[in-house]
Amino acid sequence: TPVLNVKRVRQYLGLTQAQLASAIGFGRRSVVRWEHAQVRPHTAAVRALRVLVTRRRTELAHRQTDVA
């Protein structure tokens, strides 16, 4: 199973650790631990991250459509 790079996802989303934690319903300390590979994110956290990334991609796609 590939390891999720939480820091890269967070940076892609343009969020701080605290903002990401709040958005997915986990504590900031959990995000820090995930980013430092001390523990792996819970399944629920991975699902929530996927939802956020999908939303972001959709927003970007709509912006490109609006510009064209």
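E35 lies in helix α3, where helices (H or I, at least four residues) and strands (E, at least two) are DSSP runs numbered from the N terminus. The model is predicted, so local features need pLDDT of at least 70 and side-chain atom pairs count only at pLDDT 80 or more, while totals for chains, interfaces and linings use all residues. Residues are numbered from 1 along each chain as its sequence is written, and side-chain values use heavy atoms, with hydrogens and water left out.

The protein chain contains four helices and zero strands, and its pattern along the sequence is α-α-α-α. Along the principal axes, its C-alpha atoms fill a box of roughly 45 × 25 × 20 Å. Of its 68 residues, 28% count as buried; here buried means under 20% relative accessible area, exposed means over 50%, and partly exposed lies in between (1.4 Å probe, protein chains only). Among contacts in the protein chain with a separation of 6 or more, 51% come from residues 24 or more positions apart, a contact being heavy atoms within 4.5 Å.

E35 is buried, at a relative accessible area of 16%. Leaving aside residues up to four places away in sequence, E35 touches V6, K7, R10 and Q17. V6, K7 and R10 belong to the α1 side of a helix contact, in which they meet V31, W34 and E35 of α3. The residues of this contact divide into three nonpolar, no polar and three charged (Ala, Val, Leu, Ile, Met, Phe, Trp, Tyr, Cys and Pro count as nonpolar, Asp, Glu, Lys and Arg as charged, and the others, Gly among them, as polar). Helix α1 (residues 6-13) and helix α3 (residues 28-35) pack at an angle of about 120°, and their axes are 8 Å apart. The axes are lines fitted to C-alpha atoms, for helices over the stretch in contact, and angles run from 0 to 180 degrees between N-to-C directions. The two helices α1 and α3 are therefore oblique to each other, since angles under 35 degrees count as roughly parallel, over 145 as roughly antiparallel, 65 to 115 as roughly perpendicular and the rest as oblique.

W34 is buried, with 5% relative accessibility. Apart from residues up to four places away in sequence, W34 touches V6, I24, F26, V39, R40, P41, H42 and A45. One aromatic pair is found in a search of the whole structure. The ring centres of F26 and W34 are 5.4 Å apart and the ring planes are at 65°, so the pair is edge-to-face. Rings of Phe, Tyr and Trp (its six-membered ring) pair if their centres lie within 6.5 Å, and planes under 30 degrees apart count as stacked, over 60 as edge-to-face and the rest as tilted. F26 is partly exposed, at 23% relative accessible area.

A37 lies in the loop between α3 and α4 and is exposed, at 66% relative accessibility. Most residues other than glycine have a negative phi. Phi of A37, however, is near 55°, a positive value in a residue other than glycine.
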